[in-house]
Amino acid sequence: MAAGTQEKHAEIQQKADVAVGDSAAYASEEASDMMKLNAKGVDEAGAFADAHGIVVDPETNKRILRKIDLRLMPIMCGLYLLQYLDKVTLSYAAVMGIRTDTGMNTSDYSWLMQHLPIAKYMSIMVLIWGAILCLTALVHDVAGMMVTRFFLGAGEGSITAGFVLITSQWYTIAEQPFRTGIWFTFNGMAQIVGGAIAFGVSRGLEQHPIGIASWKFLFIIVGAVTFLYGIVMWFVLPDSPLSAKWLNEEEKHIVVERIRGNQQGIGSRIFKWYQVREAFTDFRTYLNFLCIVAINIPNGGITVFFTLMITSYGFSSQESFLLSMPAGCMQLIIGWGFPYLASRTGKRSLMAVIAMLLSLFGIGLMTGLARNDPLNARVGQLFAYYLMIACPATALIIILSTVSSNAAGYTKKTTVNAIVLIGYCVGFLIGPQTFRDPPYYYNGKYVIIVMYFIGLSCFVAMYLLNKRENARRDKAWEDAGCPAQPAGQEFMDLTDHENSYFRYAT
């Protein structure tokens, strides 16, 4: 939650202690709405948590947070590295000969969770995805590549969506942007690791041939590691704080208490159709969808074609592997820096707007330097490319953390999460189609400029919408006499529209 909003809530709670008059009526109305809910639909944490809360001192809070970070972040970061490594593996394969071996032309190349326990579901998907990635080495034509990429997309699709839900289960609203940034920026680490692996495989098989194409060997390596990782995940990643074997009973209560202020709990297994309808009638859903599509259209093109773009500057295939690695370093720095500032200051939208402005600067610099001579100022164009990898990714982190924080009600959250994921995939699907004029891709660059402007506009609109709604709710609450929130309402699985005590992170 934003720092300013937290201060506002502190002031609100002080006033609530002395509230009189019509505050009782306001609280009674809120409680009455709660009673209309089916008791089976209450969040899982509702039956576990103390209705009136427990006091968690700062030292205990830090200790539990460290324990959560040490247990969850390495698993999530490692899996996200593998997830993105699959995407960039196709790009590395492009300059290793996959297009020649499979008969792909530029056009063909371009085309290239509530009822189940989330951790177990994701583990199964990772196992399937790892196996299919290994089988990609058997592909010998365009049709086979299209089929394997389709099923890989289905397997990988659960990862981002699942991580958004896991982050909302374990971390406070104030902590979510930075933690989302940590696991998401392992996209960047994948470029560092992937570039090194691709270089080693390409150079090694060039000097010591073993009768298999280097791109096939690359898919086998990444697929085997992914499959083994899925086995490990099954045993070490808990489905929720209540099932974590590495937490004792007291620590579980503290973990649940830490997220009480999120007004969301850890999830309900009861599917609620009215929350689905609310998700589809909430304007924020469409803003998030449009924003992520606009940002991922450029990302989809750059992710698939970045090695080809680098080789178009006159570098060799093996040099392109090494020159892609600094982009990963840049993404780690910017992708941790801006979300950290967002968590510390509570100004998520501001950080996203700055990231989008830097993205526009990057594509403007690249396009401007190459206007008269595509090979002009190659170092400057590479720097621009690094900015275009890192800064839009930071904006995506803000979107994902916004879904985690601002969509309340578990069915609504999973629905909005799915819609945003569809937008994520749609952007990646469309993106490569904009890169149809090799080797310098001028049309693709112009599309990127337009998409970044649309993404920037969506963040500004989201900020204004949420700020206005928070102000309206604060006024209504104060006019009612500052009533205290009904006991246990935080874990009633209410949506952000139902719960008048909910405030949107801005």
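A residue is called buried if its relative accessible area is under 20%, exposed if over 50%, and partly exposed in between. The legends below apply this wording to close-up views of a predicted model.

Figure 1. Apart from residues up to four places away in sequence, K347 touches A342 and T506. K347 and T506 are 159 residues apart along the chain, yet their C-alpha atoms are separated by 6.1 Å.

Figure 2. Neighbours within four places in sequence are left aside here; S168 is then in contact with Q176, N262, G265, S404 and K413.

**Figure 3. Packing of helix 7 against helix 11.** Two packed helices are described by the angle between their axes and the distance between the axes. Helix 7 (residues 118–135) and helix 11 (residues 214–236) cross at roughly 160°, and their axes come within 7 Å. Angles over 145 degrees count as roughly antiparallel, and helix 7 and helix 11 are therefore roughly antiparallel to each other. Their crossing is left-handed. On the side of helix 7, the contact is made by A119, K120, M122, S123, I124, V126, L127, W129, G130, A131, L133 and C134. Helix 11 contributes F219, I220, V222, G223, A224, T226, F227, G230, I231, M233 and W234. By residue type, this contact between helix 7 and helix 11 divides into 17 nonpolar, five polar and one charged.

**Figure 4. Packing of helix 18 against helix 20.** Helix 18 spans residues 378–406 and helix 20 spans residues 442–479. The two helices pack at an angle of about 30°, and their axes are 12 Å apart. Angles under 35 degrees count as roughly parallel, and helix 18 and helix 20 are therefore roughly parallel to each other. Helix 18 passes helix 20 in a left-handed crossing. In helix 18, the residues that meet helix 20 are Q381, M388, P392, A395, I398, I399 and N406. Their partners in helix 20 are K445, I448, Y452, F459 and N466. The residues of this contact between helix 18 and helix 20 comprise eight nonpolar, three polar and one charged.

**Figure 5. Aromatic pairs in the structure.** A pair of aromatic rings is described by the distance of the centres and the angle of the planes. The structure contains 10 aromatic pairs. One of them joins Y385 and Y386, with 5.5 Å centre to centre and 55° between the planes, and this pair is tilted. Y385 is buried, with a relative accessible area of 3%, and Y386 also counts as buried, at 10% relative accessibility. F502 and Y504 form an edge-to-face pair, with 5.2 Å centre to centre and 75° between the planes. Both F502 and Y504 are buried.

**Figure 6. A cluster of aromatic residues.** Y80, F163, W183 and F184 are linked into a cluster by ring pairs.

Conventions: Residues are numbered from 1 along each chain as its sequence is written. This is a predicted model: local features need pLDDT of at least 70, side-chain atom pairs count only at pLDDT 80 or more; totals for chains, interfaces and linings use all residues. Side-chain values use heavy atoms; hydrogens and water are left out. Axes are lines fitted to C-alpha atoms, for helices over the stretch in contact, and angles run from 0 to 180 degrees between N-to-C directions. Helices (H or I, at least four residues) and strands (E, at least two) are DSSP runs, numbered from the N terminus. Angles under 35 degrees count as roughly parallel, over 145 as roughly antiparallel, 65 to 115 as roughly perpendicular and the rest as oblique. A crossing is left-handed if the near helix is turned anticlockwise from the far one by less than a right angle, and right-handed if clockwise. Contact means heavy atoms within 4.5 Å. Ala, Val, Leu, Ile, Met, Phe, Trp, Tyr, Cys and Pro count as nonpolar, Asp, Glu, Lys and Arg as charged, and the others, Gly among them, as polar. Rings of Phe, Tyr and Trp (its six-membered ring) pair if their centres lie within 6.5 Å; planes under 30 degrees apart count as stacked, over 60 as edge-to-face and the rest as tilted. Buried means under 20% relative accessible area, exposed over 50%, partly exposed in between (1.4 Å probe, protein chains only).
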